[in-house]
Every structure is written in structure tokens, then in C-alpha cells.
Amino acid sequence: MSTPSLREALRAHTDAEHQALHRHAAFDGLFRGTLDVVGYRALMIRLYGFHTPLDRAIMETLAGRPAPDSGYRYAPRAPLLAQDMQALGAPGGTPPLCPGARALVTPDTIGGVLYVLEGATMGGSQIDRAAHRLLGHDGPAGRRYWAWCRAEGKHRWPLTLRHLDHLQSTGAPLPPLLHGALGTFRLLADWLAPLDLPAPIPQARRA
Ligand code: HEM
């Protein structure tokens, strides 16, 4: 049997975590049409808090390495999410930022992290259609991040796969790459977990 490609290994190793994200209440509600705009705004604020430290960690880590010769370039996500938060009327100030991103991204793990973040653009295309239905207007305001996933993901994904092939052909060790991919999925699932909580039970009214 031939050796699996790095992408195949990453996909097999993270399939359960990927499937679990589909069942997350916020995404599930968006697809079913049961999430309201307030819930959607909470999701976008949380995603901003996830991607901001991750963007920084990725940019710092890539700057310390020779540019990959696969043509791959990272594009920070947080600026798009910041525009969406603003369009959705999020309160001013910096929302909580996800701890753990800095520790996850190292020169040895970053390929796995990028696999997850670039793969997410494929789900993002589908989420864009659901967000479009929810927001009810044709302009991209409030869903610029998803619209970007839809427009750019199909170009970025082949470059990402080429980058993974490059890592494999240069003998990059597999365990840290698997750790980076699994760690990114888990970090996101943990970070989004508070949105999965049931709505608080209203206080009993005083007689
Ligand atoms: C919740 C809504 C989501 C949906 C509906 C969704 C759906 C999809 C679909 C349809 C694909 C393409 C599968 C293929 O062509 O073989 C895909 C791939 C992928 N998605 Fe998601 N996704 C979602 C969320 C996410 C999130 C939040 C992440 C990561 C943070 C993610 C990471 C990935 C990765 C890494 C791949 C590439 C898998 C491979 O190697 O083929 N997805 N997703």
C-alpha cells in the first residue's frame, strides 16, 4: 500500500473533531435557520477572539522561517471578522481573546494549523449562504469573512495542499503536524463551547 499523503493523514486524524464542529449549536442553528442575529453576532465575536491571537502567532512564526516555495501565503482573518462585528453592532472594545493560540503555533506544528484554517474556508462557503439567508440583504456587511471564504477558499486550498506536499517531501516530522491540526480543532471547539450552553432560565417574577 502506498504511503498516505500528509493531507490524507491530517484528514483521517481530525475527522471526528471536524464532524463534531458541524453539530455545534451555533453552526447547526445557522444551517437550520433557528439562530437569530444576536446569536450570530455572538458567534462572530467569538470567532474574532479565536482568530486574532492565531493570526498573530502564525504571522510571527512564518516570519521566522524561509518562505515556503509552494507559493502559499497566509492571509489574516481577524480584519474581516472585525468589520463583521462592527456591521453587526457589536459593543466597542476588544472582546475576550482565546488563550492557547501562541503555544499551539510553532515552526513544526504550523503546517497542521494551516491545514485546518484553510480547510475551514470550504465549510465557510456553505456558512456564507446560511448567513446570507439570516441577514436578509445582498451586501456582504456582517458576513465578509464567510464571503471571503467562498471567493478565496477555492484558490487557497490547492496552494495549501501544495504546501503540505512540500512539507512531506522535505521530511517534516508528522507528529507535530498532527498535533497542530488536532490542537486547532480542539482549541476552536473549546472556545466556542460557551455558545453551546442553553439560554439562561428567566428569573421568577416577584409576586
Ligand atoms: C460548521 C460548518 C462546516 C461545514 C458545513 C463544513 C463542511 C466542509 C466541506 C463540505 C468540506 C469539503 C470536503 C471535501 O470536499 O472533501 C470541508 C473540508 C474541511 N473543513 Fe469543514 N466544514 C465546516 C466547518 C469547519 C470548521 C469550523 C473547520 C476548522 C476550523 C473546518 C475544517 C475543514 C478542513 C480542515 C477541511 C479539509 C478536509 C480534507 O482534508 O479534505 N470545517 N468542510
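Where is threonine 14 found? Threonine 14 sits in helix H1. Keep in mind that this is a predicted model. Here are my notes, point by point.

1. Threonine 14 and its surroundings. This helix H1 residue has a relative accessibility of 2%, so it counts as buried, the cut-off being under 20%. Setting aside residues up to four places away in sequence, threonine 14 touches Tyr115, Ala181, Leu182 and Phe185.

2. Arginine 186 belongs to helix H8, residues 174-192. Is arginine 186 buried or partly exposed? Its relative accessibility is 45%, so it falls in the partly exposed class, between the 20% and 50% cut-offs. The arginine 186 side chain also makes a polar contact, at 3.4 Å, with the side chain of glutamate 17.

3. Helix H2 against helix H6. Have a look at how H2 (residues 25-32) meets H6 (residues 110-135): their axes come within 8 Å and cross at roughly 65°. The crossing is left-handed. On the H2 side, the contact is made by Phe27, Leu30 and Phe31, while H6 supplies Gln126, Ile127, Ala130, Ala131, Arg133 and Leu134. By type, these residues split into seven nonpolar, one polar and one charged.

4. Leucine 114 in H6. Which residues does leucine 114 contact, leaving aside its neighbours within four places in sequence? They are Ile58, Tyr72, Tyr74, Gly119, Thr160 and His163. Leucine 114 is part of helix H6, and it counts as buried because its relative accessible area is 1%. Arginine 102 is twelve residues away from leucine 114 in sequence, and the C-alpha to C-alpha distance for this pair is 14 Å.

5. Leucine 117, also in H6. Leucine 117 lies in helix H6 and is buried, since its relative accessibility is 4%. Not counting residues up to four places away in sequence, the residues touched by leucine 117 are Phe50, His51, Leu54, Ile58, Tyr74, Arg77 and Thr184. For one of these, tyrosine 74, the C-alpha separation from leucine 117 is 9.8 Å, across 43 residues along the chain.

6. Threonine 121 is another helix H6 residue. Why does threonine 121 count as buried? Its relative accessible area is 1%, and buried means under 20%. The threonine 121 side chain reaches the backbone oxygen of glutamate 118 at 2.6 Å. Apart from its neighbours within four places in sequence, threonine 121 is in contact with Arg77, Trp148, Cys149 and Gly153.

Definitions and conventions. Residues numbered from 1 in each chain as written. Predicted model: local features only at pLDDT ≥ 70, side-chain atom pairs only at ≥ 80, totals over all residues. Heavy atoms only, no water. Axes fitted to C-alpha atoms, helices over the stretch in contact; angles between N-to-C directions. Helix = DSSP H or I, 4+ residues; strand = E, 2+ residues; numbered from the N terminus. Left-handed = near helix turned anticlockwise from the far one by under 90°. Contact = heavy atoms within 4.5 Å. Nonpolar A, V, L, I, M, F, W, Y, C, P; charged D, E, K, R; others polar. Buried < 20%, exposed > 50% of the residue type's maximum accessible area, 1.4 Å probe, protein only. Polar contact = N/O pair within 3.5 Å; in protein donor to acceptor, adjacent residues only side chain to side chain.
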